[in-house]
Amino acid sequence: MAKDNSGSLKSESKRRRVTYIFSVSGLCVLFYILGAWQNSTTPTLNQRSDLASKVECDNDFPRSTESLSSSSSSSEGETLDFQAHHQLSFNDTLMVVEKFPPCALNFSEYTPCQDLTRCKKFARAMLAYRERHCPAQHELIRCLIPAPPKYKTPFKWPRSRDYAWYDNIPHRELSIEKAVQNWIQVEGDRFRFPGGGTMFPRGADVYIDDINALISLTDGDIRTAIDTGCGVASWGAYLLKRDIVTMSFAPRDTHEAQVQFALERGVPAMIGVMATQRLPYPARAFDMAHCSRCLIPWQDFDGLYLIEVDRVLRPGGYWILSGPPIRWKKYYGGWERTQEDLKQEQNSIEDVARRLCWKKVIEKGDLAIWQKPINHAECIQSRRIYKTPHICKNDDADAAWYRKMEACITPLPEVSSSSEVAGGELQKWPQRAFAVPPRISKGTIPGLTVKKFEDDNTVWKERIEYYKRIIPPLSQGRYRNVMDMNAYLGGFAAALMDYPIWVMNVVPANSDYDTLGVIYERGFIGTYQDWCEAFSTYPRTYDLIHASAIFSIYQDRCDITYILLEMDRLLRPEGTVIVRDTVDVLTKVQGIAERMRWKCKIMDHESGPFNPEKILFAVKTYWTAAPSTQQ
C-alpha cells in the first residue's frame, strides 16, 4: 500500500512540473509575440515634432541630447521632422555634445578634390590641374561646412528651374559676364534663369526645338544625355520636360559657381573636365552628347576628347556641336578668329569623326550633328584605310575611375550581322526603366541574373512604400536632388521615377559588381565614386542621401567619420539621410552623426524586427555661419 501511495505522489509531482513548464513557456511565447507586434508597428511621425522643429532664434539646439535618437522603433513618442523651416541661426555656445566645430565662412563653398589652391601645384598642360586632386590624409578637415548667412531652403521644383535665392549662392559674376547671353540675372533677393546660353540667346527651349527638328527628341529613343561644359545647365534643365535626363558637367574655373547654380536649380550636374582622365561614366552610357561653345579642343591630341565621347556614347547615339567652328563664315568676326583657322578646325573635327566611323547626319544653321554606328562591323574593316585611331585591345571599356584616356577606339561588343545593335537594343522610355537591361539579359556581368533584377525591383517598390510612411514629404515634392551612395541596379531610383525627383546613382569604384552600365541602360544617370574621397560637387547640393551598406563596405578601408563629414557637406540644411546597415554599424554612425548636429532614429527593417538589417533616419539641423566668422 505504501508503495502504491509513493508511486501516486511521484506521478502527481511529475504532472505538476510538466504543467508548470508548459505554463511558463506559453507565457514567454505570448509576451514575445506581443513585444514583436509592438516593435513592428510603423511609427507615426509628427510633422512639427520637437526633434527638428523650428525653435526660438536664441535657442538653436535642445539642451538635452537624450531625445535625439532611439535604438528601437518601439519609442512611439519620438519623431523626426522632415519639413524645411530654415529660420534658425547658428550659436555654438548652446551646444551640449557637439564635438565638430564649424569651419570658417571661407569654407562655405569648399570642394576638397577641386580646391583652387591645391590645383595650382599641378601641370596646366591639357588642363590636368582642373582634374580631381584630393587632399592627403593630413590635409583632411574635421569641421562642418557652414551655410552662408541668411541661407534659405531652395525653391521647389519646377519653380527652382527659373529661380534661386541670392543668399544661397552670393555670386553676381556670371550675371555680369554673361548678361548678353541670358545665362542668369539678379532680381532683388533672387537670381532668375531666363534659359539662355552662349549659342542660344533666344532660350534653351527654342534651341532644343531646333534640335528636335533635326533628330527626334520626343519618341523615347533618347533618354540619357551628357552636356560637356554646361554653364548653368539650362540645356539639361529644359530637356527634363521632354523626359530626357542630362549629366551636365563643367570645371570649377573662372565661371564662378556654374555647377553650383545648376544644382541649386534642381538640375543634375557635377564638377568635371575633359583633361587627361576618362570621364567617370561607363561605356555606352549616353544616347546623346552635346557641346555648345564648350571650348574643348576636339581636334587636338589625335582627337583624344572626341574618342572619349565615342566611348560613352551608346551605339547609334548622337553628338551635337554648336559654336566654334560651326557656321564660321557667319561668326568668325565675333569669335575674333581668322576664317582660315576656323575652317581648318572644322576640317580636323570632320576628319576625326570619319576615323571614328561616325556619320554626319546634318549641318544646319548653328547646329551640326553626327551619329555613332550601331556596331563596329564596318569600322573594323575601315582600319585598312584609317590606321589611326586603332581599336583598343584588352581594354575594360567601363573602367573610368582615375583611368587615363587613350587615343584608341573603345571596341563595341561583337555582333552577328551588320544590322544588329552592339550590346543589345534598348526599349523606348519609359518602358526602358523596368525592361531587363541587355548587360543582364546577355550575362555580361557574372552573378547577375534576370531573376535578381526582377527581385530587386520588387524589393525597392516595398522599401519606398515603407519610406513614404516614415517620411511623408518624400512623395509631396519636398525633395528634388537625391543621391544613392550605393545604387547597385538602380532600383531605388526606379521606384521613385513617378515623383519630381532625380537621383544621382553612385556605384562605388571598388564594388564587386560594376553595375553603372546597367543603370544607364535603364535610363537613369550616375557616376563612379570612391567614398574614401570627396564627391565632385559643391556643398549643400542634395536634399536627400540614401546609403545602403556603405559603412560596412568602407569601415575597414578608411575612417567612416570622414564619409559622414562628406555627407554633411553634400546635404542641404534640413536635408534627410537614410542609412541601411547592421545594428553595430548604425550605432557607430549614429554616435558620429549626432556630433554633426544630425537628429537620428534607428528603426526596424521594413520586413519587421527579425531582420538583422536596420535603418537609420536622420535630419540635418538648420544652422548657418555668422558673418563675423568670415576670414
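**Helix packing and sheet arrangement**

In the predicted model, helix 15 (residues 560-570) packs with helix 16 (residues 583-593) at an angle of about 55°, the two axes lying 10 Å apart. Axes are lines fitted to C-alpha atoms, for helices over the stretch in contact, and angles run from 0 to 180 degrees between N-to-C directions. Helices (H or I, at least four residues) and strands (E, at least two) are DSSP runs, numbered from the N terminus. Helix 15 and helix 16 are therefore oblique to each other (angles under 35 degrees count as roughly parallel, over 145 as roughly antiparallel, 65 to 115 as roughly perpendicular and the rest as oblique). Ile-560, Thr-561 and Leu-564 of helix 15 meet Lys-588, Val-589 and Ile-592 of helix 16, contact meaning heavy atoms within 4.5 Å.

Residues are numbered from 1 along each chain as its sequence is written. Because this is a predicted model, local features need pLDDT of at least 70, side-chain atom pairs count only at pLDDT 80 or more, and totals for chains, interfaces and linings use all residues, while side-chain values use heavy atoms, with hydrogens and water left out.

An open sheet of mixed pairing is formed by seven strands in the order 13-12-11-14-15-17-16; two strands pair if DSSP finds at least two bridges between them. Strand 13 (526-529) and strand 16 (598-603) are the edge strands, each pairing on one side only. From one strand to the next, the twist averages 20°. Strand 15 (residues 571-582) pairs with strand 17 (residues 613-620) in the antiparallel sense over seven bridges. Lys-614 in strand 17 is the bridge partner of Asp-581. Helix 16 also packs on the sheet, where strand 15, strand 16 and strand 17 are touched; the direction of helix 16 makes about 160° with that of strand 15.
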